[in-house]
Amino acid sequence: MKLTVNGVEHEVESHGLQPLLSVLREELGITSPKAGCQQGGCGACTVLVDGEPRRSCLIPAGALNGAAITTVEGIGTPEHLAPVQAAFHEHYGSQCGFCTPGFLLATHALIERSPGADRAQIDEALAGHACRCTGYVKILEAVEAAVGGAK
Amino acid sequence: MALHTGRGISAIEYPTGMNQNGDPSQAWIKIKPDGRVDVFSGTSDIGNGSKTIQSQIAADTLGVPYEWITYDNSNTDSSPLCTGTFASRATFVAGNAVLKAAANAKQKLLEIAGKELEIAPEDLEIIDGEVIAKGSPQKKISVPDVAAAATWTYGELITGTGAQLNPYAAIVDPETGRVDSPPHAAISYAACAAEVEVDDETGEVRVEHLWQCFDVGRAINPTLVEGQIQGGALMGLGLAVLEECYPYYPSVEHRGGEFGSYFVPGIKDLPKIDTIILENPSADGPYGAKGISEMANNPQPPAIATAVFDAIGVWVTELPITPERVLRALERKEQGPRREGKWTIFDDDLSVRTVAHEKSRFRFPVGA
Amino acid sequence: MALADVDVVVPTSPDEALAAFGDGKDVTVVAGGTIVLPDLTAGRLRPTRAILLARAGLDGITRDGGRVTIGATTPVSALEGGDEPLATAAHHVADPEIRGQATVGGNLCAEASADAPRGDLQAALIVLGATVRSGGKGGERSEPVEDFLANGAGRLVLDVSYDDVARQTGYAAASRPHAHHYTILAVAAAKRDGELRVAATGLGPRAVRLTSVEQGGEVSGVEARDDALASAWYRSRLLPRLVERALADLEDTG
Amino acid sequence: MKAVGARLPRYDGVAHVTGRTQYVDDVRVPNMLWAKALRSPVDHAAIKKLDVKKAAAMKGVHAVVTWEDVPRLVYGHLEALGIPGDEPLLAKDEVRYKAQPIALVAAEDEETAQLAVEAIQIDFDERPALFDVRKAADPDAPQAHHWGNWYPHFEAEMDVRQIRKGDIDRAFDQADTIVSGVYRPAAIEQLPLETQTALAVPEPSGRMTIYSCTQALYFSMGVVAAHLEWPLNKLKFVGGTVGGGFGGKVDTATETLSALAALKSGRPVKWRWTREEEFLCSSTRAPWHIEIADAVTKDGWILGRRMLTLHDSGAYSRFSPYGVTKHSFHHTGAYTIPNLHFDGYCVYTNRVPTTAMRGFGVTSVSFSTELHVSRIAEVLGIDPFELRLKNANRIGDTSPNGIAYSDPSTVSTILSIADAIGHELPADSRTMTRDPRAGELLPKHLVEQVGKVDH
């Protein structure tokens, strides 16, 4: 099965019922998506599947042949942070950091889809992402800054 | 639909450091040949930002830029003991250890600089990475040059060690609880106001606004301390109206094993949050700081419960204040507290006097 | 059986899906995966054969001949902004990421777990008078959604359809459900040519019709259950309030 | 530029936002096994039979660890503070809560480990279980713990944590009004996004490297060393970067068993708890049962407080005695109450042991006493700000255990909040400070409690 991850095409050998999360983490060694719950409940494993944010723990590998996956590793580097990464860094949108990759990708997708998204749209896009550290205040500040920058 | 709003307040205190003390933290520092600084601490950063805070403390205590600090808490082979990141101790107790280690390293640095400048170390200070003669700022040597001199001229390694320990306040009188020395490193204080909206048909409580004021002693990094207070606010909100492991407590039935069966606060629960930081410096904290991260989730539940009373006139004293508890309380609203002599007695149904056997050791007599 | 030995079929047409499904014996169907994958990961579900419907061509919404037909693997998100009260019910499901992946068919087939109710769309489909077309043992069949919920276990949903006509509709739900949860309780209502249909989801394992309400009376004849999200007591208190609100919503849309 | 007081960027910020921060689960070592635990399916039972032979013989299984493999089976997390141990690392003769670990399997992958767990044969004799702390001292209560149903080892082997201050009977006699209430904050889950995870790697030197998500590297290392009966220098803990803790990762939950499985198999072993385990098997914040009766005057002075606290410790002690002691030391909250009578018990029940969580021991005080103070204000018809300001601790006032407050800021935080929400206060309240009590703010009943400030 072929899978393109962050622009690189891989021939994937995982079983068709393995979740994408385990393909990324265990087979391909891409560790930014986190196994926060493996129940679809927390958003720590969210990646972009053909541009759409999806919980990678819920998608069986067998359903993905030919899909293009983007993880946080694919949107920016320490030297060249993507706007959404820079906003999270500048606004302290990350405390322990474990939920951060999921929030970044959900926000990245929101900005692509709705530049200038309002508060209600932000709340909706991030509603399923759990963060236990920040109380969402600084996450929201970061997202609003990133959205404002995109507008 | 009948929506009611209400407000409530609370005021709280909370100790910094382990109760009864006895919780050491240690740190050590070495200066590289180019003057850059390696800080070794055993403090786990659980998101609270202790890597940043302790680096800031080290930078200012040494007098070098923050960017010169590398911070290593990664393993027990190189890092000394820290009792741990709990009891709001990472800034105060462990931060003090880093401060002492940095002061110790600074002293050695000044001694080398003193030899180079031929000025007594006590007449030198370090500002922005330069060792400067007090009163004669033209006489100076950079910290990198001092470090190089230590390495290549004097054959020395500039290091510093520090430890912080308030001895264990072990002597607690078993009868009275009196102690012979303060059982905490510091105490911090906070107050909070909450505004809620209650739907008296569905029992749903929505927290609309939280105002919080914390005395942090000194905000080593104001943004990080705000982050602790804001994060605590939502955890306190969760405690107050959302979360419970045992929905039918004390029964263990229907305990949920997934996010889908546990009400963790989400971004849609976020109320307006106003944060006020007061700085009443602590006598013993690093730069006057106190630890406030834990208490950050303590003031909201009572303020929210009081606001619910203000909104609909019933006291819900079991947490969380679920829609069910609100509706059950409203159904018994007319009943009110029991009055007996000068006693006003609430919550008879919850008390041991109602639930426990009459011969139980657990007694709480009320009434005239 | 170890996962490595599980036979996985990825059909590329409805016919292939039906053929792979056969009589449904020992087959695990994965549509969106939002319910099945966690069970697989946790080892609660150990399939012998699995069908992934992702590319079976069972998705899409069509309006044709006075009917609206929703393919089984149409994502829940595709219903948002469409016909009420299905659109609002769909919007109440989890968060956009889950809605983009969870399917209409999965929502009809999901049994409530011990922890929480499921089937957020069911009440809305009931009040729309929807018909479920399914395959499996005995071949293809179509039946009202209530009948399917009662007797549809072990069948492969192909699509759901309802009449494409104007209705007054209403919806009300407990606001407690968060993005991480199923709806504690929701009531959907629809009125067409003077005929009122009302149903509730969240009371038990599957949605139920509130016939006494449809006839102008109080809520009666339904039982609620306890789970991790709410007690039967609370649900039974909440239900009449939500019925009032759903009917008021319906009158508003008049 | 000064670093202290500056809004400097997080030291770990760039790593966080690029997904490069390495948590335990992200560490990659070759030949790694995965671990799964057999846990009790019942609340309380004697173990009649435990047979792991079939599981150990399964293909891909490399170690099955039971109580027999643990050099020191019982080690108390707070033994250094004089709190004796009571909890076996793995159940031996009995289980006291649903989810109690009984065995750990290390296998080539998680699925194999889980199948092996299911192949372990175990029989129980179920016993009655205790869940309601209020009924723990009833004559017919099931016995939840071998020490009895509440902790018996406070100082002088007291079975209750007491505070006695002033003259409580006189305070109740002198009161105009006495208000009593019951407060019950719930168990909640710490719920860090990173579940409990450890990776134990045997080194050729005979040492063991343990990658850990602990909040306390040295503390957890001490716990592992005690169970293994090893000196500290045979262990290397790697961590310090934790995906959220909130108190739950002060428990050394995964490290010791992972190390034992690594020792037995000779291979690196990772044990990553599932979210379901985190919810159902990890220790929670404790539920508390708190009864308060406050003796008050009609002009709003709190003369005395009686308080009974029952702390639901679950099946074992862990940090609970510490939490109850801390609770007792702070049971007057931010106020000065001169006459106190407090009894606190650590009560055992057949639920998952409870442990530290943010605000440990005091969150329950803040909730119960502050809500109670709000009730008093309501009963007396006094403005809740004014009632609080009057009783707020001042410099020199003494705590429940007799320590003089040196820098209380209750008055200033309350005034800030009044200001923030636009609550108007009379001038005498508005101008209050934390300065030592004098004049009207030092009524006769508060004179005796004033103490000497140390620094």
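Modeller: A residue is called buried when its relative accessible area is under 20%, exposed when it is over 50%, and partly exposed in between, with a 1.4 Å probe and protein chains only. The model is predicted, so local features need pLDDT of at least 70 and side-chain atom pairs count only at pLDDT 80 or more, whereas totals for chains, interfaces and linings use all residues. Residues are numbered from 1 along each chain as its sequence is written, chains are lettered from A and ligands numbered from 1 in the order in which they are written, and side-chain values use heavy atoms, with hydrogens and water left out.

Colleague: Why does R55(A) count as buried?

Modeller: Its relative accessibility is 1%, and the limit for buried is under 20%, so the term applies. E97(C) is likewise buried, with a relative accessible area of 1%.

Colleague: Why is the pair of R325(B) and E244(B) called a salt bridge?

Modeller: The closest N and O atoms are 3.8 Å apart, and the limit is within 4 Å, so the pair qualifies. R325(B) sits in helix α6 (residues 323-331) of chain B and E244(B) in the loop between α4 (222-242) and β11 (272-278), so parts 81 residues apart in sequence are tied together. Both R325(B) and E244(B) are buried.

Colleague: What makes β6(B) and β7(B) a pair of strands?

Modeller: Two strands pair if DSSP finds at least two bridges between them, and strand β6 (residues 130-133) of chain B pairs with β7(B) over 4 bridges, in the antiparallel sense. V131(B) stands opposite I141(B) in β7(B). The open sheet has 3 strands in the order β5-β6-β7 (chain B), and its edge strands are β5 (124-127) and β7 (136-142), each pairing on one side only.

Colleague: What is meant by the area buried between chain B and chain C?

Modeller: Buried area is the accessible area (1.4 Å probe) that two parts lose on being put together, summed over both; for chain B and chain C this is about 2,300 Å², of which carbon and sulfur atoms give 53%. In chain B, E204(B), H254(B) and F263(B) lose the most area to chain C, together 25% of what that side buries. Contact means heavy atoms within 4.5 Å, and by that rule chain B gives 28 residues and chain C 22 residues.

Colleague: How many salt bridges does the rule find across the interface of chain B and chain C?

Modeller: The rule finds 3. The side chains of E201(B) and R245(C) meet in a salt bridge at 2.8 Å, N to O.

Methods. Helix = DSSP H or I, 4+ residues; strand = E, 2+ residues; numbered from the N terminus.
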